[in-house]
Amino acid sequence: MPQQPIRIAPSILAADFARLGEEVAAVTAAGADWVHIDVMDGHFVPNITIGADVVRALKRGCGLHFDVHLMTAPVDRHLQAFAEAGAGTITFHPEAEFHPHRTIQTIRALGCRPGLALNPGTPTAAIEELIGDVDLVLVMTVNPGFGGQAFIESQLDKIARMRALIDVTGRPVDLEVDGGITPETGPRAAAAGADVLVAGTAIFKAGAEGYADAIRRLRG
Ligand code: DX5
Ligand code: ZN
């Protein structure tokens with residue numbers, strides 16, 4: 001299915017962690033479409049961030065779709081907790097589980113939308129057999145683990161190739177980009193075929209009074 005309307009998903013990794021609930025409310029009021037939550041385990045990636053209890057607490061005060069990006073290995077043992085916490089989409093990295101197809105089935109059985117994430121060094125072929133089974137593909141435009149990194153230009157071509165693979169399925173699979181997304185790189189990623197833009201630094205560095213403008217500028 002062709003590209004869908006652009007949706008903006010602020011990554012709360014760049015928010016003020018002492019005021020997370022207020023930050024989520026502020027980006028909601030500022031026009032965010034989804035809330036992107038980066039879950040890091042200190043094993044699959046070097047950093048440790050947010051667990052399911054924090055997601056549950058935030059979801060109580062927010063009606064937006066929660067887009068949970070699991071950067072954990074393994075994946076399966078965490079799925080139920082994040083589903084019960086209110087995750088809408090649960091995206092994982094195929095390198096992190098031996099049987100990614102089974103993981104996709106588990107996510108769906110838990111009532112969530114399954115997504116697959118590609119690291120910059122992971123080829124589209126790694127998930128080609130699974131595109132028909134997921135609702136979202138995430139092309140990482142930085143190496144996962146930290147916010148505030150520079151956009152990796154070579155991934156634009158991968159986004160375009162992924163767009164073509166999704167179009168062939170005829171299914172409404174979201175094509176999301178994550179990492180180094182700014183008012184300059186976001187519209188270029190969208191031109192290459194992305195339809196969900198994750199942005200942490202570009203939104204939260206603007207300060208609460210600047211969130212609406214930052215979100216608008218990402219739409220290009
Ligand atoms: C990186 C995370 C991203 C990150 C994006 O591992 O998946 O979501 O927070 O941050 P920025 O927009 O600052 O590159
Ligand atoms: Zn992310």
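Asp16 makes a salt bridge with Arg19, and their closest N and O atoms are 3.3 Å apart. I call it a salt bridge when a side-chain nitrogen of Lys or Arg is within 4 Å of a carboxyl oxygen of Asp or Glu. Arg19 is partly exposed too, at 33% relative accessibility.

A note on ground rules before I go on. This is a predicted model, so I ask for pLDDT of at least 70 for local features and 80 or more for side-chain atom pairs, while totals for chains, interfaces and linings use all residues. Residues are numbered from 1 along each chain as its sequence is written, chains are lettered from A and ligands numbered from 1 in the order written, and side-chain values use heavy atoms, with hydrogens and water left out.

How many salt bridges does the rule give? I get 15. One of them joins Arg113 to Asp174, with the closest N and O atoms 2.5 Å apart. This pair links distant parts of the chain: Arg113 is in strand β5 (residues 113–118) and Asp174 is in strand β7, 61 residues apart. Helices (H or I, at least four residues) and strands (E, at least two) are DSSP runs, numbered from the N terminus. Asp174 is buried at 2% relative accessible area, whereas Arg113 is partly exposed at 22%. I also see both residues in a network of salt bridges, along with Arg7, Arg163, Asp167 and Asp195.

Next I looked at Asp213, which pairs with Arg216 at 3.4 Å between the closest N and O atoms. Both sit in helix α8 (residues 211–218), three residues apart, or about one turn of the helix. Asp213 is partly exposed at 40%, and Arg216 is exposed at 53%.

**The zinc ion**

Which residues coordinate the zinc ion (ligand 2)? I find His36 (NE2), Asp38 (OD), His69 (ND1) and Asp178 (OD), at 2.0 to 2.3 Å. Donors are N, O and S atoms within 2.8 Å of the metal (3.2 Å for Na, K and Ca); water is not among the atoms, so sites may look incomplete. Along the chain the donors follow the spacing H-x1-D-x30-H-x108-D. His69 in strand β3 (residues 65–71) and Asp178 in strand β7 (residues 174–178) link distant parts of the chain, 109 residues apart. Is His69 buried or exposed? His69 is buried, at 1% relative accessible area. Asp178 counts as buried as well, at 8%.

**Two more residues**

Ala96 is in the loop between β4 (89–92) and α4 (100–109), and it is buried at 10% relative accessibility. Setting aside residues up to four places away in sequence, I see Ala96 touching Phe44, Thr72, Ala73, Pro74 and Val75. Contact means heavy atoms within 4.5 Å. From the C-alpha atom of Ala96 to that of Leu165 I get 23 Å, for residues 69 apart along the chain.

Last, I checked Thr103 in helix α4. Thr103 is buried, at 0% relative accessibility. Beyond its neighbours within four places in sequence, Thr103 is in contact with Val75, Asp76, Leu79, Phe92 and Glu97.

Definitions and conventions
Buried means under 20% relative accessible area, exposed over 50%, partly exposed in between (1.4 Å probe, protein chains only).
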